[in-house]
Amino acid sequence: MCTPPCCVSQLACCCGTAACSCCCNCCPKIKQSTGTRIMYALYFLLVTIVCVIMMSPTVEEQFKTHIPLYKELCEKLNPGDKCKTLVGYTAVYKVCFGMSCFFLFFSFFTFRVNNSDGCRAAVHNGFWLLKFIALGACCVGAFFIPQEEIFLEVWRYVGTACASIFLLIQLMTLVEFAHRWNTNWTVFPESSGVKYSRFWYAALAFVTLTLFTLAVGAVVFMGVYYTHPKACLHNKIFLGINGSLCFIVSMLAISPCIQKLQPTSGLLQPGVISVYVMYLTFSAFSSKPIEMVKINDVNTTVCVFPFNSGLESDKKIVTALGTVILFGCILYSCLTSTTRRNSAALRVCRNSEPETERARCCFCFGDDTDDYDEERTGSGQNVVYDEKEATIYSYSYFHFVFFLGSLYVMMTVTNWFNYKNHEIEKFLDGSWDVYWLKMACSWVCLIIYMMTLIAPMICPKRFEA
């Protein structure tokens, strides 16, 4: 139960510039920069949950029945029994449009903010209740946009472009996460006098084995159910290519020439990358237009998800996994430190490992080795004001990434909704555009990771500096 002083502090957090914190004083202290990013992530999570709820059949039916705008849309486009799904997709587009406008405004509003003393930084770090109301107003106001069919078509192109950019950022975050995870569980500070730990190496081996088991299992599963002797030629070719590339980067990561330059390179990183590439491959296969072959003189749909006898089951799995990966990347970005020593993971410098960092399960939080004099203590959680001298992350870039993430949520939740030439009856049958986009992203992911391995060999002096 909140004590009166803590309730007052939370009220100041909602309506003033004070930093937000938990009302339990047993919680570990939190940095202001971390608390701010977590609050925006909670906003993002809340709107995403609303989008998922809008995709439920009950809510779709209520929209169709009680909102005249959607009655007219269904009558104009004549989608038949798919009208409820179209209404749900349109509602998600409107809500994500409002959320993206909210974060895009703050991206421009906080441009070139260098410290937390100014009024713009105060708005960024506080006034949470007012910002929540503004976010809700943006999402609700989007439902009053006219010309529904034009909005769907135009905003889908914007969403596809921005979601593709966010996918690249997500790929880079994943590669950085894999490098940092392996480094944290294998590198120990010299001051500890410990060169290795059997426990952490055993944990590393177990996680690596699990990741490669999932990757190999995914290849076998897709080889059995998403290929056919008489059809699905693209699936067979690209499954073989992606599986071979994952094997190549795994062998490259433990090759002597790479180990000489990067002693911390191991199989954990390619394990993480391989699982993600298999997810993208599965996602691409589920987005492909359906193929049919004649079996015993009967047209039969092939290369589809085998369970629950539903053509949309794999799309639901892809949406769920994509949402989990999205929030995992966002949470990692919110929790991890953005100081210079932790932003060097993609450069893979040989001397970039933190000297004082210790192996632990929650390595994303980082060690609080920096001393900050400004600290608020009271009945609730202590807050460390770590941005008095300068900001430790770019406010504008942070909001821009959330803007891109809003559109990625829109495209993911609606399964990259598309209908060509207004053929609304085909908008759930898959798209070759989405298929090639996701397949290209899997190759980009492998290329990014491969570059982190071979870059020190190509430019050794740059990475020794």
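These legends describe close-up views of a predicted model. Local features need pLDDT of at least 70 and side-chain atom pairs pLDDT 80 or more, while totals for chains, interfaces and linings use all residues. Residues are numbered from 1 along each chain as its sequence is written, and side-chain values use heavy atoms, without hydrogens and water.

**View A. Crossing of helices α2 and α7.** Helix α2 spans residues 32–54 and helix α7 residues 128–141; helices are DSSP runs of H or I, at least four residues, numbered from the N terminus. Their axes, lines fitted to C-alpha atoms over the stretch in contact, come within 12 Å and cross at roughly 30°. That makes α2 roughly parallel to α7 (angles under 35 degrees between N-to-C directions).

**View B. Residues between α2 and α7.** On the α2 side, T36, M39, Y40, Y43, L46 and V47 make contact (heavy atoms within 4.5 Å) with W128, L129, K131, F132, L135 and C139 of α7. By class, the contact has ten nonpolar, one polar and one charged residues (Ala, Val, Leu, Ile, Met, Phe, Trp, Tyr, Cys and Pro are nonpolar; Asp, Glu, Lys and Arg charged; the others, Gly among them, polar).

View C. The structure holds 36 aromatic pairs (Phe, Tyr or six-membered Trp ring centres within 6.5 Å; planes under 30 degrees apart are stacked, over 60 edge-to-face, the rest tilted). F44 and F103 have ring centres 6.5 Å apart and planes at 55°, so this pair is tilted. The pair links F44 in α2 with F103 in α5 (residues 83–109), 59 residues apart. The rings of F102 and F103, with centres 5.2 Å apart and planes at 80°, are edge-to-face. F102 is buried at 3% relative accessible area (buried is under 20%, exposed over 50%, partly exposed in between; 1.4 Å probe, protein chains only). F103 is buried at 0%, and F44 is also buried.

Key. Axes fitted to C-alpha atoms, helices over the stretch in contact; angles between N-to-C directions. Helix = DSSP H or I, 4+ residues; strand = E, 2+ residues; numbered from the N terminus. Parallel < 35°, antiparallel > 145°, perpendicular 65-115°, else oblique.
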